[in-house]
Amino acid sequence: MLNLKCLVESNSLKSIPSNYICLNKNEEHDSILLNETNNIPTIDFSQLISSDPNDRSIAIQKLGDACRDWGFFMLTNHGVSETLRDEVLRGCQSFFDLSNEDKKEYIGETLFDPIRCGTSFNLKVDKTLYWRDYLKCYVHPHFHVPNKPIAFSETLEEYVTKSRELIRELLKGISVSLGLEENYIYKMMNVDMGSQLLVINYYPPCPKPELVMGLPPHTDHGLLTLLMQNELCGLQIEHNGKWVPVNPLPNSFLINTGDHLEILTNGKYKSVIHRAIVMNKKAARISVGTAHGPTLDTIVTPAPELLSKDDPSTYRGITYKDYLQLQQSRELERKSCLERIRI
């Protein structure tokens with residue numbers, strides 16, 4: 001398998017291979033809004049689950065505003081210990097430090113293989129290779145992760161379980177913010193038995209980071225993605241047509257809305273376009289994302305309660321499995337997949 005980490009380390013890389021050079025990286029529309037970084041919404045999880053109705057009402061209002069106006073927010077006071085987060089990141093580093101021989105058994109052949117280890121996005125369709133190695137694991141409703149390194153699976157199982165608990169409460173708040181019963185989204189999407197995909201991204205140091213891209217502008221499938229990263233930044237979100245760098249608050253999670261929340265809300269809450277840029281010449285950036293969606297056979301359509309004569313359905317129904325196949329079988333390109341099911 002082509003392994004970017006090994007390529008970087010074995011060659012003491014001084015120049016960028018031509019198939020990694022991203023020619024359109026510095027297009028005019030790539031202007032950065034540094035001053036918007038401080039305006040990224042923050043949701044206090046402890047307030048969202050508060051027994052005080054007023055506190056909870058305020059948090060739900062902020063959550064709805066964040067989903068509508070940004071499609072992105074930072075989550076604080078979530079109760080996941082810093083110790084566990086650090087253990088996950090150390091385990092991720094240890095996994096990518098394994099030999100190619102040890103990782104070979106995890107090279108997946110198909111989209112729905114329980115565990116897949118690879119590089120770039122999809123080597124069959126990528127015209128330009130992305131500066132990224134990855135590990136993808138389906139961790140719910142059945143838990144699949146590598147059995148190496150030692151104790152990695154136990155750490156990840158605790159982490160993804162806590163992730164699901166956070167997502168459940170967030171979906172309750174989002175349902176209420178839309179004027180629906182609090183368990184509406186959770187039940188309609190059968191999230192209790194739904195898909196949870198763990199995606200661990202490893203962006204090696206790069207001698208000329210301005211020439212490469214970690215991941216191009218895209219949206220995520222699913223309802224919500226929960227993300228954490230090591231101390232290195234690189235995530236940017238698109239807001240009002242400009243790129244906003246994300247500098248997370250200490251011990252916070254990053255949450256972004258996915259395509260299936262946009263479909264379900266009939267566009268009231270839109271999935272956010274984001275990208276991963278490469279910034280570091282000396283150290284690797286690691287991000288750990290969990291994408292939460294319905295069961296694979298669920299046909300996702302706009303919620304009938306959110307439709308009216310003046311606001312008809314704008315998306316055709318499609319199973320979650322078919323949507324995943326549609327998205328993962330072509331190049332990542334902004335909202336191109338969502339556009340294919342727009343009525």
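In which kind of crossing does helix 4 pass helix 6? The model you are looking at is predicted, and in this model the crossing of helix 4 past helix 6 is left-handed. On the helix 4 side, the contact is made by L84, E87, V88, G91, C92 and F95. Helix 6 contributes F152, T155, L156, E158, Y159 and K162. Sorted by class, this contact holds 7 nonpolar, 2 polar and 3 charged residues.

Eight strands form an open sheet with mixed pairing, in the order 1-2-10-7-12-5-4-3. On average, neighbouring strands are turned by 25 degrees against each other, direction ignored. Look also at strand 4 (residues 133-140) and strand 5 (residues 196-203): they run antiparallel and are joined by 7 bridges. D133 has Y202 of strand 5 as its bridge partner.

Finally, two helices lie across strands of the model, as the table shows.

| Helix | Strands it lies across | Angle |
|---|---|---|
| Helix 3 (residues 53-69) | strand 1, strand 2 (72-76), strand 10 (253-257) | about 145 degrees to strand 2 |
| Helix 6 | strand 2, strand 4, strand 5, strand 7 (224-229), strand 10, strand 12 (285-292) | about 135 degrees to strand 7 |

Terms used:
Residues are numbered from 1 along each chain as its sequence is written. This is a predicted model: local features need pLDDT of at least 70, side-chain atom pairs count only at pLDDT 80 or more; totals for chains, interfaces and linings use all residues. Side-chain values use heavy atoms; hydrogens and water are left out. A crossing is left-handed if the near helix is turned anticlockwise from the far one by less than a right angle, and right-handed if clockwise. Helices (H or I, at least four residues) and strands (E, at least two) are DSSP runs, numbered from the N terminus. Contact means heavy atoms within 4.5 Å. Ala, Val, Leu, Ile, Met, Phe, Trp, Tyr, Cys and Pro count as nonpolar, Asp, Glu, Lys and Arg as charged, and the others, Gly among them, as polar. Two strands pair if DSSP finds at least two bridges between them. Axes are lines fitted to C-alpha atoms, for helices over the stretch in contact, and angles run from 0 to 180 degrees between N-to-C directions.
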